[in-house]
Amino acid sequence: MTRLNAAWSKLRWSLAQRGLRGTMRTALGRLPRQDTTPGEEKPLLHPFDQRYGVDTSGLIGGGDLRSGHKNDVFNTAYYGMAPSRFRRVMEDWVADSGHAAISQYNFVDLGCGKGRAVMMASEFQFRQAIGVELNPSLAKTAEANLTVWTDAARAVCPVQILCQDATEFSFPEGPCLLYLFNPFAAPVVKRLIERLASEFADRPGLLDVIYFNPEAGEMFDAHAGFKLLWTGTVEMSEEDAAVDHVASPEDLCSVYRWGGV
Ligand SMILES: C[S@@+](CC[C@H](N)C(=O)[O-])C[C@H]1O[C@@H](n2cnc3c(N)ncnc32)[C@H](O)[C@@H]1O
């Protein structure tokens, strides 16, 4: 791709994500800042990667994640979920007696990136854990990570990575726990909700959605088929806070249940 093409595709991404005003504000914000203190930078490698010998660290802006798919412009970014937050919400979900047994559930991470969350999900007794990723290079990294993870016998359920667009994914039979870490902007969330409503039309009560940083959460709120079970902030461990470049204590997580319409 020429530099001009790359610049044009980043501009299209920014306009789709932030609108004209936001794009201009971001461009201005990129001007060199004079107020950062040298030596305050956080480590780039997450302890999760050091501990398990995998590669899930790093922040890649959505404008740099090109796959050739029309939904590239709505890709927010790659960034791995703080493990402590993920485990807290998962343990709460598992402890909730309002759904069927976890062994019946398919766990699906739409926008799995390098696979950090899907690896952690495979430590629970799901029927299976599936990660879906649009960007081929990230999907390849996720697969390599998964090999390390499963070779170390960390997965207690079948686990796989699929390289495809989230709105083109066919949900397997049975109950589903869908996990989203703010992977894409509102137009893709809208299409996804239409798809969920059709795929789960005859499965009321059998779809739960955990949505971290729910930037398009109002679309679930507004849909008659989804009930908000819980929303709030999720504490992060000291270890995660010490290395996290993106998360803030105010980040929200929302949990929805599909009741059907
Ligand atoms: C914030 S990262 C989350 C990574 C992972 N789920 C986690 O929790 O650690 C969002 C990911 O969604 C992917 N993504 C964005 N749009 C997508 C789409 N339409 N279909 C599938 N994946 C998508 C991005 O490439 C990125 O890797």
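Guide: One term before we start: contact means heavy atoms within 4.5 Å. Also, this is a predicted model, where local features need pLDDT of at least 70, side-chain atom pairs count only at pLDDT 80 or more, and totals for chains, interfaces and linings use all residues. Residues are numbered from 1 along each chain as its sequence is written, and side-chain values use heavy atoms, with hydrogens and water left out.

Visitor: Good. Then what is R88 in contact with, leaving aside neighbours within four places in sequence?
Guide: R88 is in contact with V234, E235, M236 and S237. Take E235: its C-alpha lies 8.1 Å from that of R88, although the two are 147 residues apart in sequence.

Visitor: Which helix is R88 in?
Guide: R88 sits in helix α3. Helices (H or I, at least four residues) and strands (E, at least two) are DSSP runs, numbered from the N terminus.

Visitor: Now the ligand. Which residues come nearest?
Guide: G111, E133, D165, A166 and Y179, out of 23 residues around the ligand. A residue is near a molecule or strand if one of its heavy atoms lies within 4 Å of it.

Visitor: What about polar atoms around the ligand?
Guide: A ligand nitrogen is 2.7 Å from an N or O atom in the D165 side chain. A ligand nitrogen is also 2.8 Å from a polar backbone atom of G111. At M81, a polar backbone atom is 2.9 Å from a ligand oxygen.

Visitor: How much of the ligand does the protein bury?
Guide: The protein buries 99% of the 600 Å² that the ligand exposes when taken alone. These accessible areas come from the Shrake-Rupley method with a 1.4 Å probe; for residues, only the protein chains shown count as cover.

Visitor: Which elements give two or more residues to that shell?
Guide: They are β2 (77-79), β4 (128-133) and β6 (176-181). The largest share, 3 residues, comes from β2.

Visitor: Back to D165. Which side chain does a polar contact join to D165?
Guide: That of T167, at 2.3 Å. A polar contact is a pair of N or O atoms within 3.5 Å; within protein, one must be able to donate a hydrogen and the other to accept it, and residues adjacent in sequence count only if both atoms are side-chain atoms.

Visitor: Where does T167 lie?
Guide: In the loop between β5 and β6. T167 counts as buried because its relative accessibility is 6%. Beyond four places in sequence, T167 touches N71, V188, R191, L192 and R195.

Visitor: Core next. How many residues has the largest nonpolar core?
Guide: It has 35 residues, and F86, F107, F126, Y179, I210 and F212 have the most contacts inside it. A nonpolar core is a set of buried Ala, Val, Leu, Ile, Met, Phe, Trp, Tyr and Cys residues joined through side-chain atoms within 4.5 Å. α4 gives the most to this core, with 5 residues.

Visitor: What does F86 contact?
Guide: Leaving aside neighbours within four places in sequence, F86 contacts M81, F107, A117, M120, A121, Y179 and F212. There is also a second, separate core of 29 residues, including F169 and Y256.

Visitor: Is N182 buried or exposed?
Guide: N182 counts as buried, at 12% relative accessibility. A153, by contrast, is exposed at 62%.

Visitor: Last one: what does E239 touch, not counting residues up to four places away?
Guide: E239 touches P47 and R51. E239 is in helix α8 (residues 238-243).

Methods:
Buried < 20%, exposed > 50% of the residue type's maximum accessible area, 1.4 Å probe, protein only.
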